[in-house]
Amino acid sequence: MTYLALGLSLGFVGLAAIVSRYQELGLEKDLAIGVIRAFIQLTIVGYILSYVFAAQNSLYIFLMIMLMIIVAGRNASKRGKGISQAQRIVLMGIAFSEGISLLLLLGLRIIPATAQYIIPLSGMIIGNSMVAAGVTLNRLNSEFRLRRGEVELALSLGATSKQAALPVIQSAVKAGMIPTVDSMKTVGLVQLPGMMTGQILAGADPVQAVRYQIMVMFLISGASAITSLIVVLLGYRCFFTSHAQLVLGDS
């Protein structure tokens, strides 16, 4: 793609800005900032990845993955306002799901142990885990507030904190999985996912591109489930004292 074609694609952002201005949404500034940040961030990442791919150094791959996990963790933890140690919990969930996913991918030799495969796939895993963690934290917080009476009643009848929180835990894990499940239901019918589209645009055989995309969807579903479960199992404890008393902080 030429820089001219890239510049002309700004017209789509301009269309969004016109709609925002016409409907008085006040998003013009945010759109402008988003365009600038996206251009700068992606350009920098492009040059970094070119260097990392050429170097094929395990340390650089590890540092790239750690950076992605930290950024994703900080972003997703914003959904957990009022939950103590939300950032630590999210980081642990994302890091564990990423570690398990890479262990299976490399251990079973599904992909080669090269930066060209590890980093892009890690980005997909971490990005979707971030979404799952954010949704899970948000639902966990709201469910405890909505079901406060139900949880306190269970505690008063002698239930442990985990037993009392079980309906909340189930609802939060389910919410964290919804984006992935919905995506799997409509993939190929409503949307052609990014990895598949990228391979087709690069000239790959569509059937081969589909196989990679199916593998990625299965991988993402597992990673999202692991992340949601870890976030919930660690997060629900923050709502109880050591004496199994329900405590709701400021949201």
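Trainee: What makes the largest pocket stand out, and how much space lies in it?

Mentor: About 760 Å³ of space lies in the largest pocket. Keep in mind as we go that this is a predicted model.

Trainee: Which residues line the largest pocket, and which lie nearest its centre?

Mentor: The lining has 20 residues, and Gln41, Val45, Leu67, Met68 and Val71 lie nearest the centre. The elements giving two or more residues to this lining are α3 (28–55), α4 (58–76) and α6 (115–146). Helix α3 brings the largest share, eight residues.

Trainee: What classes of residue make up the lining of the largest pocket?

Mentor: There are 13 nonpolar, five polar and two charged residues in the lining.

Trainee: Let's turn to the rings. How many aromatic pairs does the structure hold?

Mentor: The structure holds four aromatic pairs.

Trainee: Why is the pair of Tyr236 and Phe240 called edge-to-face?

Mentor: Their ring centres are 6.3 Å apart and their planes stand at 70°. Planes over 60 degrees apart count as edge-to-face, so Tyr236 and Phe240 get that name.

Trainee: How do you know that Tyr236 and Phe240 are buried?

Mentor: Buried means under 20% relative accessible area. Tyr236 has 4%, so it is buried. Phe240 has 10%, so Phe240 is buried too. Ring pairs link Phe144, Tyr236, Phe239 and Phe240 into a cluster.

Trainee: What does Phe144 touch, leaving out residues up to four places away in sequence?

Mentor: Phe144 touches Val151, Ala165, Val168, Tyr236, Phe239, Phe240, Leu246 and Leu248.

Trainee: Which residues have the most contacts inside the largest nonpolar core?

Mentor: Those are Leu105, Phe144, Val151 and Phe240, in a core of 46 residues. At least two residues of this core come from each of α3, α4, α5 (86–107), α6, α7 (148–156), α8 (161–186) and α10. Helix α6 gives the most, with 10 residues. In soluble globular proteins, nonpolar side chains tend to be buried together.

Trainee: Why is Asn75 called partly exposed?

Mentor: Its relative accessibility is 39%. Under 20% would be buried and over 50% exposed, so Asn75, lying in between, counts as partly exposed. Asn75 lies in helix α4.

Trainee: How far apart are Asn75 and Ala244 in sequence and in space?

Mentor: They are 169 residues apart in sequence and 30 Å apart in space, C-alpha to C-alpha.

Trainee: How many helices and strands are there in the chain?

Mentor: The chain has 10 helices and zero strands. Its C-alpha atoms fill a box of roughly 65 × 55 × 35 Å along the principal axes.

Trainee: What share of the chain counts as buried?

Mentor: Of its 251 residues, 31% count as buried. Among contacts between residues at least 6 apart in sequence, 70% join residues at least 24 apart.

Key:
Residues are numbered from 1 along each chain as its sequence is written. This is a predicted model: local features need pLDDT of at least 70, side-chain atom pairs count only at pLDDT 80 or more; totals for chains, interfaces and linings use all residues. Side-chain values use heavy atoms; hydrogens and water are left out. On a 1 Å grid over the protein atoms alone, a cavity is a set of points where a 1.4 Å probe fits but cannot get out, and a pocket is an open set with protein on both sides within 12 Å along at least five of seven lines; lining residues have an atom within 4 Å of a point. Grid points are joined across faces, edges and corners, and a volume is the space filled by probe spheres set on the points. Helices (H or I, at least four residues) and strands (E, at least two) are DSSP runs, numbered from the N terminus. Ala, Val, Leu, Ile, Met, Phe, Trp, Tyr, Cys and Pro count as nonpolar, Asp, Glu, Lys and Arg as charged, and the others, Gly among them, as polar. Rings of Phe, Tyr and Trp (its six-membered ring) pair if their centres lie within 6.5 Å; planes under 30 degrees apart count as stacked, over 60 as edge-to-face and the rest as tilted. Buried means under 20% relative accessible area, exposed over 50%, partly exposed in between (1.4 Å probe, protein chains only). A nonpolar core is a set of buried Ala, Val, Leu, Ile, Met, Phe, Trp, Tyr and Cys residues joined through side-chain atoms within 4.5 Å. Contact means heavy atoms within 4.5 Å.
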